[in-house]
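Biologist: Please put the model up. I want to go through its labels and ask what stands behind each one.

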Amino acid sequence: MNSHNDSFSHEKKMSSPGKRGHIFIISAPSGSGKTTLCRALLQHMPDLFYSISYTTRSQRNGEKNGVDYYFVSVEEFEQGIKQGKWAEFATVHGNYYGTAAETIDQCIRSGHDILLDIDVQGTEKFLKHYPESVTIFILPPSIDTLRQRLEKRGTDTPAAIERRLRDAEKELARKDLYRHIITNDHLQQAIDDLIAVVTRYR
Ligand code: 5GP
């Protein structure tokens, strides 16, 4: 079972509540503050599991394997595709990202609610298998704000930032796929809104 709490690393104890868990999907263009919002939500709801994705992108400074992501090779990821390991996967900003089907199945069967941070393409595929999922889109105030945040973050090359901004425009065009939309203009307000949405279903 993969899970995150406020430290993004804590393995949570399983209980057997005898109900199926809810699935919450959060998507947002890169630089929208989604990671900060997810952390705040998980800190507020320590019993909410976090689905740790697999990716072939290189590990950034400060990221931990098995905590932020499982960092795997392209060969390993493609082997997973052949074996049907992924509940959904997508190529995002030129790298593979995927959610292990086993993580989701274990979680919902044991009655635990789970949070996924995946992109728009992944959400679309995922909804085919789990249409009852609660989908939430985080809207940045503007593309300019995204650019400023990505530049300030300093984790991407200028070319990678341009690619992320182009992808952001495509993602913004698909926001109607989502049941809830939260604008991250003021962080604390966005955190409160996110907590309120998730609380409504739990
Ligand atoms: P980053 O490289 O900035 O951590 O993430 C890039 C994008 O990949 C984000 O939009 C994030 O939501 C998405 N992503 C992360 N994990 C997954 C996953 O398992 N599946 C899909 N489809 N997208 C993912």
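Modeller: Start with a term: a polar contact is a pair of N or O atoms within 3.5 Å; within protein, one must be able to donate a hydrogen and the other to accept it, and residues adjacent in sequence count only if both atoms are side-chain atoms. This is a predicted model, where local features need pLDDT of at least 70 and side-chain atom pairs count only at pLDDT 80 or more, while totals for chains, interfaces and linings use all residues. Residues are numbered from 1 along each chain as its sequence is written, and side-chain values use heavy atoms, with hydrogens and water left out.

Biologist: What makes the pair Gln189 and Asp193 a polar contact?

Modeller: Their side chains are joined at 2.8 Å. The cut-off is within 3.5 Å, so the pair counts. Gln189 is found in helix H7, residues 187–201. Helices here are DSSP runs (H or I, at least four residues), strands are runs of E of at least two, and both are numbered from the N terminus.

Biologist: Why is Gln189 called partly exposed?

Modeller: Its relative accessibility is 45%. Buried means under 20% relative accessible area, exposed over 50%, and partly exposed lies in between (1.4 Å probe, protein chains only). Gln189 therefore counts as partly exposed.

Biologist: Why is Asp113 called buried?

Modeller: Asp113 has 4% relative accessibility, so it counts as buried. Its place is in the loop between helix H3 (101–109) and strand E7 (114–117). The side chain of Asp113 also makes a polar contact of 2.6 Å with the side chain of Arg202.

Biologist: What about His93: buried or exposed?

Modeller: Buried, because the value for His93 is 16%. His93 is in the loop between E5 and E6.

Biologist: Now the ligand. How many residues surround it, and which are the closest?

Modeller: 18 residues surround the ligand; the closest are Ser53, Arg57, Tyr69, Tyr97 and Asp117. A residue is near if one of its heavy atoms lies within 4 Å of the molecule.
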